[in-house]
Amino acid sequence: MSVSRRRLPVIRIATAALLLALAVWTVVIEPRWVAARLEPLSSPQWQAPAGLKVAMAGDWHLTTRSLWRVTSADRAARIVDKINAAQPDVILLPGDFLAGSGDDEAFSIEDMAAVLGRLKAPQGVYAVLGNHDWWHDGARTAKALSAHGIHVLENASVRLPGHDIWVVGIGDDSTGHSEPDKALAGVPKGAGTLVMMHDPFSFATMPRTQGLVVASHTHGGQISVPGYGALVVPGRAPREWAYGWIAHKGKRMYVTSGLGVSILPVRFNMRPEWVMFQ
């Protein structure tokens, strides 16, 4: 028997072991390995008030089927505790609070709102609805979140207590609710803004603002190939807008990888995250 033929079983075993390890990593470990990112709130175009801390957590996708869809109530509660422990002044929740699209998910809207209603920030917790929220029941979701003190901003804005800064919520593009001009209509000219949207495509058409812009929806593609990036990006946003800081026509936006998963329970080279801007 030649040396090369003797090596074949070893190579096959090594390949099988590598594939098994990759499967365990992408299905079991990385989807549950949450990162707490720290990013700058100020930019060359805008200086945030000293000491202001803004947390952002999107794409929770709460579920009763945590083996497949990852984010159980207990897991979400632990993330809530970590965000609260970081003592943000403001919390932004850019949509997709439940997994699935209706009858395929037993986790109720009201139970979801009770879990996220434990988030605390002295200057408020704010949310917009994502496509999954509309697929479940947009009006009911907004009502449930509001009942727990979360301010739902659908193409609307509100002044941040104690600051000349406005929190702006732009509706979801993928379900036809995006109206950037309406969302920003009440913001005084030149005022600082904290803008959030679910689907990042709205960034392409929104007016230029001074402040922070954040989005979710993409999950960073869930699988990010080194040297290429996201394999798939939902919605109309370019693939290059899947994750991180995005620059477009003099504007700047941060797209989060989110906390949950959608369609398949996998992540590779794209950890789930919540983000603190300060």
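Valine 70 is buried in this predicted model, with a relative accessible area of 3%; buried here means under 20% relative accessible area, exposed means over 50%, and partly exposed falls in between (1.4 Å probe, protein chains only). Valine 70 sits in the loop between α2 (66–69) and α3, where helices (H or I, at least four residues) and strands (E, at least two) are DSSP runs numbered from the N terminus. Although valine 70 is not a glycine, its phi is positive, at about 80 degrees. Asparagine 155 is another non-glycine with a positive phi, of about 55 degrees. Asparagine 155 belongs to the loop between β5 (150–152) and β6 (156–159) and is buried, at 8% relative accessible area.

A word on the ground rules: residues are numbered from 1 along each chain as its sequence is written, and side-chain values use heavy atoms, with hydrogens and water left out. As the model is predicted, local features need pLDDT of at least 70 and side-chain atom pairs count only at pLDDT 80 or more, while totals for chains, interfaces and linings use all residues.

On to the loop between β3 and α4, which is where glutamate 105 is placed. Glutamate 105 is buried, with a relative accessible area of 6%. Its side chain makes a polar contact with the side chain of arginine 69 at 3.1 Å and reaches the backbone nitrogen of phenylalanine 107 at 3.0 Å. A polar contact is a pair of N or O atoms within 3.5 Å; within protein, one must be able to donate a hydrogen and the other to accept it, and residues adjacent in sequence count only if both atoms are side-chain atoms. Leaving out residues up to four places away in sequence, glutamate 105 touches Leu62, Thr63, Thr64, Arg69, Ala99 and His136, with contact taken as heavy atoms within 4.5 Å.

Threonine 256 is in the loop between β13 (251–255) and β14 and counts as buried, at 0% relative accessibility. The side chains of threonine 256 and glutamate 273 are joined by a polar contact of 2.9 Å. Beyond four places in sequence, the residues touched by threonine 256 include Met56, His219, Tyr243 and Val275.

Then there are the nonpolar cores, each a set of buried Ala, Val, Leu, Ile, Met, Phe, Trp, Tyr and Cys residues joined through side-chain atoms within 4.5 Å. The largest has 30 residues, and Trp60, Ile83, Leu93, Phe97, Met112, Leu116 and Leu119 touch the most other members. Two or more residues of this core come from each of α3 (73–85), β3 (90–93), α4 (109–116), β4 (125–127), α5 (131–147) and β14 (273–277). Helix α4 gives the largest share, 5 residues. Neighbours within four places in sequence aside, leucine 119 is in contact with Trp60, Val80, Ile83, Asn84, Ile91, Leu93 and Val125. Apart from this core lies another, of 21 residues, among them Trp46, Val128, Val214 and Val275.

Tryptophan 134 is found in helix α5 and is partly exposed, at 27% relative accessibility. Not counting residues up to four places away in sequence, tryptophan 134 touches Leu129, Ala139, Glu154, Asp172, Thr175 and His177. Its C-alpha atom is separated by 32 Å from that of serine 42, 92 residues apart along the chain.

Isoleucine 29, in helix α1 (residues 3–29), is partly exposed too, with a relative accessible area of 36%.
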